[in-house]
Amino acid sequence: MASTETKDPSAAARKDEATATGDDAAAGDIAGLEAGLDALESRVVDRQPWLRTAASKAFPPLVAIVIVLVVWQLAYHFELKPHYLLPSPVDVAHSLQQKWLEGTLLSFVWTSVSRGALGFVASVALGTVLGLVVARVKAVRAAIGPILSGLQSLPSVAWVPAAIIWFGLSDATIYAVVLLGAVPSIANGLVAGVDQISPLYLRAGRTIGATGPAGIRHVLLPAALPGYIAGLKQGWAFSWRSLMAAELIVNAPDLGTGLGQLLEQGREVQDMSWVLAAILLILLVGISIELLIFAPIERRVLRSRGLLVKS
């Protein structure tokens, strides 16, 4: 009996050790399986040196610009259109240089950019409130949801005559056209973002007491952020387009001269170099705002959520 009692603790210890070894092996297998599954997923984009990132992103657009300029110069050289209808890139550059030397170029750009920024900020405020109401109140969505989609597809220039009748030749007309063009896009973007939120997040928010304004601030808007940012990008595009449409038509001496008015002045004097220079400035401003403001914000949000991946 004594010898048997002596062996039992040793056997139990070996059994416990074997069990622990088996548990460790199982844990190691599970960890290896998880690592393998993670490896099958797309890899998150690592941060690269800003100089390399800038070069990799700038090279393709520069190649495209060079190709466009070459084709443009060839069209000018072979006179696909008379030179007074199709000036060369050098002629357009001279027109831009002339406006720069006159000291008026930056004022034209600033007038339009300041109008666009103010109209966009107002559109964000109105579009966000409207989008939240439409997304969360079923009766409101049923009533005005289709109207918002219809307004988004309506060309902005269609609002200009009505705005002139309402407000006359004033800044209010320009801002009204911008709001009517941008608010539906922002609201629809937020609605789409809210629709993509998992119901689990909303229930978890209610469980911890995040209801009402607190739930919107801490749960709803953060969860809908990717769709909301997409709506903001589209809202800026519609805002800028609406602004140019309004400036083309609403032209008065006391309003100041923006890029749209500059384009219209070039048309009035039949100066195609002037017209193409104005079009080029409008394009450059729109692209610059997109690349310098919205693209970095979108990348940061997507990267923080593991949605920015390498193909």
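The following legends describe close-up views of a predicted model.

**Figure 1. Overall make-up of the chain.** The predicted chain holds 12 helices and 0 strands. Read from the N terminus on, its elements run α-α-α-α-α-α-α-α-α-α-α-α. Of the 311 residues in the chain, 32% are buried.

**Figure 2. The largest nonpolar core.** This core contains 49 residues, and those that touch the most other members are Phe120, Val194, Leu232, Trp240, Leu259 and Leu262. At least two core residues come from each of helix 3, helix 4, helix 6 (159–167), helix 7 (171–195), helix 9 (212–223), helix 10 (225–249), helix 11 and helix 12. Helix 12 provides the largest share of the core, with 9 residues. For Val194, the contacts beyond four places in sequence are with Ala135, Arg136, Leu220 and Ala224.

**Figure 3. Aromatic pairing between helix 4 and helix 12.** The structure contains 4 aromatic pairs. One of them joins Phe120 and Phe294 in an edge-to-face arrangement, with 5.8 Å centre to centre and 90° between the planes. Phe120 belongs to helix 4 and Phe294 to helix 12; the pair thus links distant parts of the chain, 174 residues apart. Phe120 counts as buried because its relative accessible area is 13%, under the 20% limit. Phe294 is likewise buried, at 9% relative accessibility. Ring pairs also connect Phe120 and Phe294 with Trp236 and Trp240 in a cluster.

**Figure 4. The ring pair of Trp166 and Phe167.** The ring centres of Trp166 and Phe167 are 6.4 Å apart and their planes stand at 80°, so the pair is edge-to-face. Trp166 is exposed, with a relative accessible area of 54%. Phe167, at 43% relative accessibility, counts as partly exposed.

Figure 5. Val124 lies in helix 4, which spans residues 105–136. Beyond its neighbours within four places in sequence, Val124 is in contact with Ile186, Tyr228 and Leu232. One of these partners, Leu232, is among the residues that touch the most other members of the largest nonpolar core. Val124 and Leu179 are separated by 55 residues in sequence, and their C-alpha to C-alpha distance is 9.2 Å.

**Figure 6. Thr111 in helix 4.** Thr111 is placed in helix 4. With residues up to four places away in sequence left out, Thr111 touches Thr257 and Gly258. Thr111 counts as buried because its relative accessibility of 18% is under 20%.

**Figure 7. The largest cavity and its lining.** By the rule applied, there is 1 cavity of 30 Å³ or more. The volume of the largest cavity is about 30 Å³. Its lining consists of Ser95, Leu96, Lys99, Leu105, Leu262, Trp274, Ala277, Ala278 and Leu281. By class, these lining residues comprise 7 nonpolar, 1 polar and 1 charged. Helix 3 (89–102) and helix 12 (272–304) each contribute at least two residues to the lining. Helix 12 contributes the most, with 4 residues. Leu262, which lines this cavity, is also one of the residues that touch the most other members of the largest nonpolar core.

**Figure 8. Two loop residues with positive phi.** Most residues other than glycine have a negative phi. Glu79, although not a glycine, has a positive phi of about 55°. Glu79 sits in the loop between helix 2 (50–77) and helix 3. With a relative accessibility of 51%, Glu79 counts as exposed because this value is over 50%. Gln270 is not a glycine either, and its phi is positive at about 55°. Gln270 occupies the loop between helix 11 (259–268) and helix 12. Gln270 is also exposed, with a relative accessibility of 65%.

Definitions and conventions:
Residues are numbered from 1 along each chain as its sequence is written. This is a predicted model: local features need pLDDT of at least 70, side-chain atom pairs count only at pLDDT 80 or more; totals for chains, interfaces and linings use all residues. Side-chain values use heavy atoms; hydrogens and water are left out. On a 1 Å grid over the protein atoms alone, a cavity is a set of points where a 1.4 Å probe fits but cannot get out, and a pocket is an open set with protein on both sides within 12 Å along at least five of seven lines; lining residues have an atom within 4 Å of a point. Grid points are joined across faces, edges and corners, and a volume is the space filled by probe spheres set on the points. Ala, Val, Leu, Ile, Met, Phe, Trp, Tyr, Cys and Pro count as nonpolar, Asp, Glu, Lys and Arg as charged, and the others, Gly among them, as polar. Buried means under 20% relative accessible area, exposed over 50%, partly exposed in between (1.4 Å probe, protein chains only). Contact means heavy atoms within 4.5 Å. A nonpolar core is a set of buried Ala, Val, Leu, Ile, Met, Phe, Trp, Tyr and Cys residues joined through side-chain atoms within 4.5 Å. Rings of Phe, Tyr and Trp (its six-membered ring) pair if their centres lie within 6.5 Å; planes under 30 degrees apart count as stacked, over 60 as edge-to-face and the rest as tilted.
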